[in-house]
Amino acid sequence: MSTEVLSHAMLATSLLGADAGFQYYLWPMALLLMAIPCLSIAWSSFIAFVHMAAFTLLSVFFQTKLDSIITYYPLLFVMNIIGASLPFIATAAISRSMYASQYFLLVNLAEKDELTQLFNRRFGLDALNYYVSRKAKNTVPFCISLVDVDHFKRVNDQLGHHKGDEVLIKISDYLSKSMRETDISSRWGGEEFLFIFPNVELSQIQQRIETICADMPKHIAIDGWDKTITCSFGLIQVDKNETAESALKRVDDSLYQAKKNGRYQVVSDH
């Protein structure tokens with residue numbers, strides 16, 4: 001393509017002159033060479049530079065016109081500008097679309113847990129730090145919950161890790177769909193999940209979390225496992241001047257108490 005466009009541009013411009021506009025096809029070709037990774041960057045840059053050098057030489061040194069078609073030069077120029085602009089714009093649009101697609105894919109990979117499609121631990125911690133810093137500046141309340149799957153090791157040991165993954169996927173799907181749109185759901189690690197509830201008091205959120213906990217066995221089941229699948233919940237309201245580390249320690253203590261008390265329950269730290 002590069003050789004053909006270069007040859008046609010040089011031939012047409014040398015015969016008809018620069019005012020016909022055939023040399024402008026070298027611009028989209030140079031862009032295409034840089035946008036499509038069929039050659040190394042060094043080779044693409046070199047060939048693109050050759051095209052732009054040819055454009056400059058043709059524009060400067062071929063100013064003659066054929067008298068027999070002189071009245072058609074404005075039309076030729078407009079047609080060639082349009083013809084060269086379309087692939088130029090298309091190449092730029094495709095490159096931008098590919099960049100945007102790759103960017104959002106990278107963002108998704110950086111923020112989402114691959115298995116559950118919830119936010120990952122890093123995003124959950126960043127969100128927690130954000131709400132902690134915001135609460136230190138005003139009095140808007142927020143709560144967090146740390147959730148652990150009960151007897152998860154038994155599922156892995158008896159049915160295998162693929163079934164364990166299925167349990168995590170179903171639990172994360174159930175929990176995330178049970179939350180408000182403003183709540184943040186993240187996989188904290190292994191079989192643990194962290195949930196952030198902005199703009200809500202503990203008294204307002206506790207009953208709903210207890211209902212989510214109680215109803216879980218009705219919504220989650222896997223083949224080959226006749227026992228109920230449940231979770232234990234630790235729930236706290238973050239204090240105004242509390243650090244993220246302190247909040248995580250308190251909610252982890254509440255979760256530990258829920259598991260110590262027999263699992264499948266919500267323990268809150270008032």
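This is a predicted model: local features need pLDDT of at least 70, side-chain atom pairs count only at pLDDT 80 or more; totals for chains, interfaces and linings use all residues.
Residues are numbered from 1 along each chain as its sequence is written, and side-chain values use heavy atoms, without hydrogens and water. Local features require pLDDT of at least 70 and side-chain atom pairs pLDDT 80 or more, whereas totals for chains, interfaces and linings use all residues.

Val78 belongs to helix H4 (residues 73-111); helices are DSSP runs (H or I) of at least four residues, and strands (E) of at least two. With 43% relative accessibility, Val78 is classed as partly exposed, a class lying between buried (under 20%) and exposed (over 50%).

Strand E2 (residues 184-189) is largely enclosed by the rest of the structure, because five of its six residues are buried. E2 runs antiparallel to strand E3 (residues 192-198), to which five bridges join it; pairing requires at least two DSSP bridges. Ser186 has Leu194 of E3 as its bridge partner. Two residues separate the strands in this hairpin, where Gly190 adopts a positive phi near 60°.

The largest pocket has a volume of about 160 Å³. Its lining comprises 15 residues, of which Asp150, His151, Thr228, Ile229 and Thr230 are the closest to the centre (a pocket is an open set of points on a 1 Å grid where a 1.4 Å probe fits, with protein on both sides within 12 Å along at least five of seven lines; lining residues have an atom within 4 Å of a point). Helix H6 (residues 152-159) contributes the most to this lining, with three residues.

Definitions and conventions
Buried means under 20% relative accessible area, exposed over 50%, partly exposed in between (1.4 Å probe, protein chains only). Grid points are joined across faces, edges and corners, and a volume is the space filled by probe spheres set on the points.
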